[in-house]
Structure formats: C-alpha cells, structure tokens
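Hi there,

Here is the model I promised to pass on. Please open it first, and then read my notes below.

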Amino acid sequence: MSDSPHADDEVIEHVRNTAAAVPARISETLPDRLLLLPLSERPFFPAQTMPIIINEAPWGETMQRLAATPHKLIGLVYAEGGRDAAPPAGNFALIGTVARVHHAVRGDGRIQFIAEGLHRFHITRWIATEPPYVAQVTYPSEPEQNPHEVRAYALAIINKIKELLPLNPLYKEHLKAFLERFRPEEASPLTDFAAALTSAASTELQEVLDTLPLLQRMEKTLLLVQRELEVTGLQSEIRRRVEERISTRQREFFLKEQLKEIQKELGLAKDDKTLELERLRERLAGLMLPAAARQRIDEEMDKISFLEVGSPEYAVTRNYLDALTALPWGKVSADNFDLAHARAVLDRDHDGLDDVKQRIIEFLAVGAQSGRIAGSIILLVGPPGTGKSSIGRSIATALGRTFYRFSVGGMRDEAEIKGHRRTYIGAMPGKFMQALRETGTSNPVIMLDEIDKIGASYHGDPAAALLEVLDPEQNADFLDHYLDVRFDLSKVLFICTANQLDTIPRPLLDRMEVIRLAGYVAAEKQRIAKRHLWPKQRAKAGLKAAQISLSDAALRTIIENYAREAGVRKLEMQLGAIARKAVVRLLDGAAAPIRIAPQDIGELLGPTPFRPRAIARGIGLANGLAWTPLGGVTLEIEATLVHRKGRSIKVTGQLGGVMRESAEIALSHVEANLERFHAPTDFFDQATVHLHVPEGATPKDGPSAGITLATALLSLALGQPIARPLAMTGELTLTGQVLAVGGIREKVVAARRIGIRELILPAASEADYAELPDYLRAGLKTNFVNRFEQVAALCFPGKGKRTARARRAR
C-alpha cells in the first residue's frame, strides 16, 4: 500500500464513487427504552463500527436480555469506572449512542461483539439503576445549519484527515470502514468519525458527543483533529530520526566489520584480543615485578590467549590482568628531606600548632638521617576542625609524595581493606590497592580518616584487617584477596586521624605514633581567620578585598560569641555567612566597601548561641575542667543540702558511671576528714545532699572531676564559698591522693576561654603542663597538688595543709 498523498486521494475518490452503489440507510424506529452498557475508556460515536470486549461477570445478564430483544439495540454511554465494575447511575453521561450488536461471542469470562453506532440518545429517566441498567431515552435531532458553512467545515475536516493518512496506516483502514457506511458529503457522521479518529481525552470526546448543533460540533472536532495532526507529526518525526540513527549505526558497523576482514586478509590488522595483550605487555615493560607476580601474570596471559573474546571468563581474566598491571610495581617518588622546606610548607598551611609542627619536623629529621621514612604510622588526634586532614596533606607536600585520602568511618566490611575474592561477581581490589593504582607510586602518603569510627559486622572486622596493613613487620608482604599476589606496602607513609582514642582497638593503637592536636585559643583563631579563612570565604563569594572590610574587633566578637568550639570549622561557616550577606547588600545597591563592625554581627548572624557568663561563685559551687572529643570545657559543679530527714546523696546531670563513683569517693573522703577541715563533724549524718552538673542534656563521664566534686561538698559543709576564682581538675582517691589526668592542654584552653587565671592541677601532670606553648601559660597561676588537703588550703585558706607548689607564668 502506497503512503503518498496522491494514493490517499485515489482511495477517497474510489470509495466516494462506489458509495453511490450502496443503498441508502433505511430509517428505523428506535425504542424509547434501552438497555445501557457503560464505557469507561472513551465515548462511542454514531459513525463508529468497532468490536467491544466486556467482562461477563457484571454484564452477562445485560447481554442475555439484549439477545431476547428483536432489534438487538443497546445504549453505549461513557461512565467513569464502568469497565470491570458497575458504576452508579450518577456517573453516566446524559448523551450516549444507540448501537446494534452483531456477532456476540462468549469465552474465557468475556463477551465480545461488534457495535454499529446508529444515533445519539438522551437519558430522560432511569428505570433500573443497577445492572442490567434500563433507561427511558429520547433521540434528539440536529438543528438546521447554514449549508455553506457546513460544507466549508466539512472540507476543512476532510483536508485534515487527508494530512493524517500518510502518518499512520491505521487511519486508512478506519476511513475505508467509514466510507462503506456513509458518503463524505454527510457532514454529521463525518464530524463524529473525525472526532473518534483522534486520541483526545475522554472528557473532550464526550463534549463533542454532547454538542448537537452541527457547526459547533464541527468546530470542536476540527480543533481535536488539528491537535492530533501535530502530535502524530511529532511522533512520526521522532520515529524517522530514530530509524535514521539506527540505520546509520548499522551501516557503520557493517563497514567496520568489512574493513576488519579486509585488513585481516591483507595482514594489516590485529584482533581485539591481540591488541589487549600488547597493551598489557607495554604496561609491564617499565615495571619491576617480583618473581611470583611475574609468574602469575604470565600464566593469566597464556590463559586469556585461548579464551573467546565474548566468554565471561575472558572478561574476568582481562579485568584481573588490568588490575595487576596497573599497580606501581617498583615505582617510587624521591623524598624531599629539606627541613627548611618542610617548615615553610607547614607554616604556610597552618597557623599555631607549634608543638605539632615540631613533632612533624622531628619525624622528618629522623627520616632524613636514616634515609627512609618507611614503616611509620602517624595518628593525629584532636577535636573536629583543628586541621588534621590538612596537616596530612601538608606532610605529603613537604616530602614531595603523592597524597591519597579515604575515610574508614562507618566501614563494616573487611573486604574494603583486603579486597574481594575473585569468585564473587563484581569483585574488586581493596582500598589500598586502589590508592596505589591511582597515585602511581608505591610510596604515597595514604590518610585513613576517622579511624576511631570504624565499625564491624557479620562481614568481618575492618579494624582487625588493618592490623596487617599498618604493622611495619607484616605489610611488606601484604596480600590482597582479589590480586592474590603479595605487594610491598612498607614504603607507604600512613597517616590516621581520630577525634578520640577510646574507640580505637588497643592492638591497632599500639602500632601508631600519636600526635595530639588540641583546640585553638581565641588569639590563634583570629590569626587563622585573618590569614586563611576570611580570604578563602571572601574569594568563594566573589568579593574583592576593596569591597568588604572586617575589623579585628568584629572578628573577635564572632570568635567569642559564635565560634567557641575547639576547631575553626564553625568559625569558617560564620565568616561564609557574613560574606554571602555582604554580596546581597552589594547587589541591592549598597556602596562599597561594606564595613563590618562589632555592632553589625548580631544583625548578620542572629542571636549569639554563647552568652557571656560570670565565673561561678557561692557556697557549694566549684569550677572543674573536663576533656571532650570536641575540646576542653568547664564544668560548674553545684552541691546543695536538700533536708536533714535522712542520709542520702542524689547525683544528676547525665553523669556516667565513673563520674558517679567519683562523687561517692569525694563524699566519703570529705565526710571522713571534716574535723581536719574544721567543718561540723555531723554535717552529713542525716543530710540529703544533691550534686548537679549543669547542661543536663550533655552526657558526662570520667574521673578527672574528683577534686572538684570534693571541693563543692566541702564548701557546702563549711558554709563558705571558694576564696577566689579557681578552676581545677584531678582524680581523687579515698585516701585523698590527687592522681594525674589527661587533656591538660584542652583544659587550660577552656579555662582561658572563660577568663579564669588560676588553676589547680595534679602534680603528676606538671610535665604535661610544662610542654604547653608559652602563650598558653602566659598570665596563669598554676598550683600543683599531691593531696586534697592542699586543694582545701588553696580554696579555703586556713582549712587545709598549704604545701602546694605554685607556678606563675608571665
């Protein structure tokens, strides 16, 4: 069948000429009562003749009653939800089509028949509102219309149908079926046929069926046919493009295959397998492989040469060889042991952290002296935002090595470390082999971030798998499960980061050299912000230095009121917020430069989350110092006498088990020595004492609050506040000894942050205090004590034994 427009004209003309031979339809007397059948998908038009399939279950009785009628006429009405269930009478449209049923056939629970549309009808009254539906109907007639306008619209519709015919062969079949019953000059059936030909929505088609005036109906139908023409044309264009693309690719494929065959015949080309093997051999040319690895690669290459390219085993073997030959066997980068260069890199990238930098310089100096840094594992421990990851990158830069970082936080599968065995689908090497492949050298700096947050599951324990990787005695022969050949990791410099040591397995921690990074004091934060953070955020916002000015006082206000955490991450966020708000002001027409003063900070950043607070003073109050993974903090410990109706102690503030035991030890020691401290010896006999540590939503634990708890209880028993502002830390024993505690640097920083200038520390921690930088000790008076009597003498003069050694720094 031809698709040309001329062929379509011939079809129409042929059927039009033969239509004269078809006898005119005989007017039939239509019944005033009809059995109704709902249609859920689209309305049925009088000009349609098409098969209909319905379920036998709801409509079997309707079809039986229809078969008993002499005229075999049924009313087809559009109704929502009428295909598989009986819709309520209210869902039926008022206008439907009476149709004659031909060749009704039952089978497989369905009824199929051919419906021949005859005439519109209007439902005037419901006789049966449940299946089988019966309604009283009338048959509306069409009002007279201007024949010239009708003819013009009919010609327009015919032209649109002629445009549709080449786009879809089905339109021709529908047109032939229509012309077997009607002449093209019959405008009303032509209009209904054209509407039924479209894929318009059911509501739009029902609107056409409801329209009795012919001109209005033709106008609506013409719009639907025009839209159908646009959609069908677009679909045809898309189909044509797809077919062209497919044919082009097929043509290219056939030409390439022919070219390959010609080249093979002439001896000018090689197949894919040969090219793959040559590529792998080229990789091996510059590598220094151990004998075992060389033997394994040769075996696999011999194996792949006998495999078919399309076989699954070929792909597995090729991927394995690709992973093996991509490793940097024997490739190392030269180390730069210039200590001056290392100091310059560290000072350029980081402000403060002088003690940490010195430890790193010492570490590099040992490497320079011995000529190698192999077998070293550094663990950087500190609060978030203190620069652990960036220090690792600076070490790599100083040494001249490539740097690779990945996080092990939340890792629960040991295959991430040691690789998957090749028997599994989708198997791949472990993270360390991937790192070596990406860096291209066998001596990179590999950073394992968040090693304190590594997990475990039924897939295995990654921390245990790391023991082989991080042990200098074992990693020279590291075996990855996927590669199944040993690789030397002893030249790699491993740097790990953590926020705390408690969650790191002890065997793993023993293999690491720990370098602690404490929090920054306000002066350090200000220098870091001026030299690094503020220029970075200003450039990120697209601002130049001449467009915005942030005063030192404003920066100090941000640090003290909005970013008191140990690190500088929150400070960087606040500076970024100020830069963004400055951009908004500039775009709104504000004059440059925008000057940020301390009084502007509240408007830009909102209410401060940190309120200035006075140092706790009063009976039963003592200031303690504590270490947390986020840095040092101060604890205001409160003790009060509730009543004297019974002896008990109540402890609140979400304290952990160790801290609760410290409270009981403190009470026992103070009560046992009340006479020595010149306090009423019967004070606690019938007393109910309540100890509380504020900020109850924050969990707290540890032994370092022992002397602080005892001091608060002694203040309560004496009825006397601490003589002067003091902050203290130290573990207390039942005999009154004050034991060493950790986190001295963080605790000193916390004391300076709230303005306390006199501290009480355990004498056993004096060495830790002596290692602090001078600027942290400047202006502090620090008392080192061995026993609680010394603490009592410092807090309550005349109530204890004053033998503490004080150290005052300028």
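Phe 406 has Leu 448 in β9 as its bridge partner. Strand β9 (residues 445–449) runs parallel to β8, and 5 bridges join the two; strands are DSSP runs of E with at least two residues, helices are runs of H or I with at least four, and both are numbered from the N terminus. This is a predicted model: local features need pLDDT of at least 70, side-chain atom pairs count only at pLDDT 80 or more, and totals for chains, interfaces and linings use all residues. Residues are numbered from 1 along each chain as its sequence is written, and side-chain values use heavy atoms, leaving out hydrogens and water.

The open sheet has 5 strands in the order β8-β9-β12-β7-β13, with parallel pairing; strands pair if DSSP finds at least two bridges between them. Because β8 (403–407) and β13 (513–516) stand at the edges with a single partner strand each, one side of each is left without a neighbour in the sheet.

Two helices pack on this sheet. Helix α12 (residues 354–370) touches β7 (377–381), β12 (493–498) and β13, and its direction makes about 150 degrees with that of β13. Helix α15 (residues 431–439) touches β8, β9 and β12, at about 150 degrees to the direction of β8. Contact means heavy atoms within 4.5 Å; axes are lines fitted to C-alpha atoms, for helices over the stretch in contact, and angles run from 0 to 180 degrees between N-to-C directions.

Elsewhere, the axes of α3 (residues 147–164) and α5 (residues 187–197) come within 10 Å and cross at roughly 35 degrees.

Best wishes
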